[in-house]
Amino acid sequence: MSPRIPKAAATGTPNHSQPQTLADLAVGSVAAVLTVELWDSLGDRLVELGLTPGAPVVVLRRGLWGGPVQVRVRDFALSLHRAQAAAVRVQALAGLEAQRG
Amino acid sequence: MADQENSQAAQGTSAASPPQNLHVALCGNPNTGKTTLYNRLTGARAHVGNYPGITVEKRAGEHHSGGGQRWTVHDLPGTYSLTAHSPEEEIAHHALTGRLGDPLPDVVVVVLDASNLARNLLLLLQVGELGRPAVAALNMMDAAEKAGLVLDIAALQQAFGCPMVPMVARTGQGIAELEQAVQRVAAEPALGAVGATHWSAQVVAALEQVREVDAALAQAPQGELLWWLAADREVADQLQPGLGSQLHRQFPRQAHADGDIRRLLVHERYARIDAALLTCVQRKRPGQRSTSDRVDDVLLHPLAGVGLFLVSMGLLFQAVFAWATPVADAVGALMEGLSAQVQQWLPDNLLRDVLIDGVLAGVGGTLVFLPQILILFAGIALLEDSGYLARAAFLVDRLMASAGLPGKAFVPLLSSHACAVPGILAARTMADPRDRLLTVLIAPLMSCSARLPVYTLVTAAVFAGSPPVLGFLSVGGLIVAAMYGLGFALALFAAWLFRRTLIPGRGAPLLLEMPPYRWPRPRNVLRVLWDRGVDFTVQTGATIVALTVVLWALMTFPRVGLSDAERATMSAQVTSTAAGSPERAKAEAAIETRDAQLRLENSLAGHLGKAIEPAIAPLGFDWRIGIGLVGSLAAREVLVPVMAQIYGRSAQADVDDAFAADVGQSMARAGALTPLKGLSLMVFFAVAMQCFNTLATIGRETRSWKWALFALTYLNGAAWLLSLIVYQGGRALGFS
């Protein structure tokens, strides 16, 4: 169950039609959090770490073979399992090719 | 323990002057330098860092402030929140509300990472809601400055209410100011009040409902209601029977962000924090990537990063596996020299024997682990202090997660291939007690270096003559490699199984923070080495010495060797040879060898070996190997000299490959080792927990003999079963 990176996110076109999760975003994408769809203490923990509705996140890194996803949220680099990232619904803001350029 | 001070402190706070004995609690997110501040305040000699043992510990130390006050500083576990979803959070909450038997803290110092304020301020708000006077320590100001953040301290103070003290705990900058702020707040608690959040109507209505749920909450302040509303159900039920369940029935989880009241509390706190930070923090270089980010581009790169990871772990393993050997050998030689001295000083009696073969052997058996432990911990301290350990955990996370293990379990498991004792100690780098326990339980399955002489004994005896596979791969080498694979695969399987049964945990949620890279500080590394070294030598060493003495007694008593008649016969043979001839020397040695053989056979260990024969016969082992199993409790490689003694080979202190091979060939000639029996023996040694040093370390690290006994039972049970399958299955297939 390794989620493929959607074309739209990879090429930089904002995608408003289909719901996306943190696990779908390519490295360098910027998105706003919608909800954390984990209704248990783990989900609460993610929210407490800053994944609140409207919070901007940048995808910093994706681990190999379905490994962890690292995002920057409120000045801090958070790593989470791919399965957890898939539970964070987001609205892609831009598919910037990282902030390197 | 601080009960006498309790009443004194309580009286003090009610008076106008600051109390003479202050209770100061330190709390904060993980990685905020809280422990560094604690060490600065208390002089660091209070305890070994990072919550040793499996249960969360609370630490307290003394600090003498400039004003002649004595503080008792309580170091609370690092937490992101106080909702008590984890044991650490439960401890932190209970400590802040006086539920742990300690007095209520007079002042709570909330340590904040100044370069990462939003998330840290969430905890400050929660502490403030509990009603304790607070002082915020804005730690790591240097890192914030480097990141281009300019903090308006006065504005922050205005926005949140309590004193804010900029500081750098690593250098000690700002400690004096923090001291003064704590004293001011102790004298006038109102100064430390964190301003309340303006809650939405939805939250205010919910809080009123909470108030009506239980009579105990009728008079509770708003902050307390907030905690109950969001609190973990089980923790709340423990504090007030039924209340947690009642609140969860009344406020069920709502599957959308604005409907869920618990989420709403967090959202509104963050809304307040975000708004305040807009005016309090100025970004000089927005969007600028830090040095750490750029280093991570390389060290976390899918190719370069993994390559560098393999190289660094290879170096660490090499250091523990090989570089420690000369030092360990020197320690061994030193202990041997000491034994020889004692042998000369004391007359030949039991006391001398117990001193040399029991006590000194036990002390030597402890010290011999020290080089490995110190080298491993120097390596880990460098990895941890520099910030690389968190990156290594990120890289291997996918692999480890498949077995329900966190990425950080990698280093303990890798080091266990050299020796499980330092490997188990290395599990301390993991914050979650459940992760630590799981790692400690499976670490003995890694094929450690003490198993190698046993593998050599078997392969040299029964597989040396086999033609190489594919023309160049030796059968023995392949089988030894298979033993390493067997241990590793079993460890992953056991971890997977325990995650689903004994130690459920929360599926090892990886919520990793990557601390910025830093140069490791030699003082830190040296302190870790000293603490770990002393701790192991004193605590675990005591158990090892005691067990060595017991094992010595088992293998010594009741001391029945050659009978007088036999001795007379053999002596007659000696005198029949020419004086000074090689035959005479040989005949003389034969007497001693035969005597030692008989003594061992007739000892308690010998009887034990014979007693367990029915249990191990189905595995293809006779009573002689049974004695070997008893003897190898000291260390697995002891099997080789014990077998030498039983098979009447002359003893040799240094167990090298040639010696192991020679002993193995004697066993093969006697029919005790066949290819199938040898394979069964190797499988048994690969899996079984025979080493009481490991057992003592597990007992010490888990603070529980229950878990040590569990490890003993499950590992030996699995070893027996697998050997049985190999031997009986092999026989059924026609092998021998």
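## A buried helix in chain B

The buried residues of α4(B) are Leu117(B), Arg119(B), Asn120(B), Leu121(B), Leu122(B), Leu123(B), Leu124(B), Leu125(B), Gln126(B), Val127(B), Gly128(B) and Glu129(B). Buried means that 20 or more other C-beta atoms, placed from the backbone, lie within 10 Å of the residue's own. This is a predicted model, in which local features need pLDDT of at least 70, side-chain atom pairs count only at pLDDT 80 or more, and totals for chains, interfaces and linings use all residues. Residues are numbered from 1 along each chain as its sequence is written, while chains are lettered from A and ligands numbered from 1 in the order in which they are written.

Helix α4 of chain B covers residues 117-129. Helices are DSSP runs of H or I with at least four residues, strands are runs of E with at least two, and both are numbered from the N terminus. Because 12 of its 13 residues are buried, α4(B) is largely enclosed by the rest of the structure. The expected span is 1.5 Å times one less than the number of residues. After α4(B) comes Gly131(B), with a positive phi near 95 degrees.

## Another covered helix

Helix α32 of chain B (residues 692-702) is mostly covered, with 11 of its 11 residues buried. Among them are Phe692(B), Leu695(B), Ile698(B), Arg700(B) and Glu701(B). Just after α32(B), Arg703(B) has a positive phi of about 55 degrees.

In chain B, the axes of α6 (residues 153-160) and α12 (residues 261-280) come within 9 Å and cross at roughly 155 degrees. That makes α6(B) roughly antiparallel to α12(B), a term for angles over 145 degrees. The crossing of α6(B) and α12(B) is right-handed.

From α6(B), the contact uses Ala155(B), Leu156(B) and Ala159(B); from α12(B), it uses Ala276(B), Thr279(B) and Cys280(B). Contact means C-beta atoms, placed from the backbone, within 7 Å. By class, this contact has five nonpolar, one polar and no charged residues. Ala, Val, Leu, Ile, Met, Phe, Trp, Tyr, Cys and Pro count as nonpolar; Asp, Glu, Lys and Arg count as charged; the others, Gly among them, count as polar.

## Where the chains touch

The contact takes 29 residues from chain A and 34 from chain B. On the side of chain A that touches chain B, α2 (41-48) and β5 (76-80) each supply at least two residues. α2(A) gives the most to that side, with six residues. By class, the side of chain A that touches chain B has 12 nonpolar, 11 polar and six charged residues.

Note on methods. Axes fitted to C-alpha atoms, helices over the stretch in contact; angles between N-to-C directions. Parallel < 35°, antiparallel > 145°, perpendicular 65-115°, else oblique. Left-handed = near helix turned anticlockwise from the far one by under 90°. Contact = placed C-beta atoms within 7 Å.
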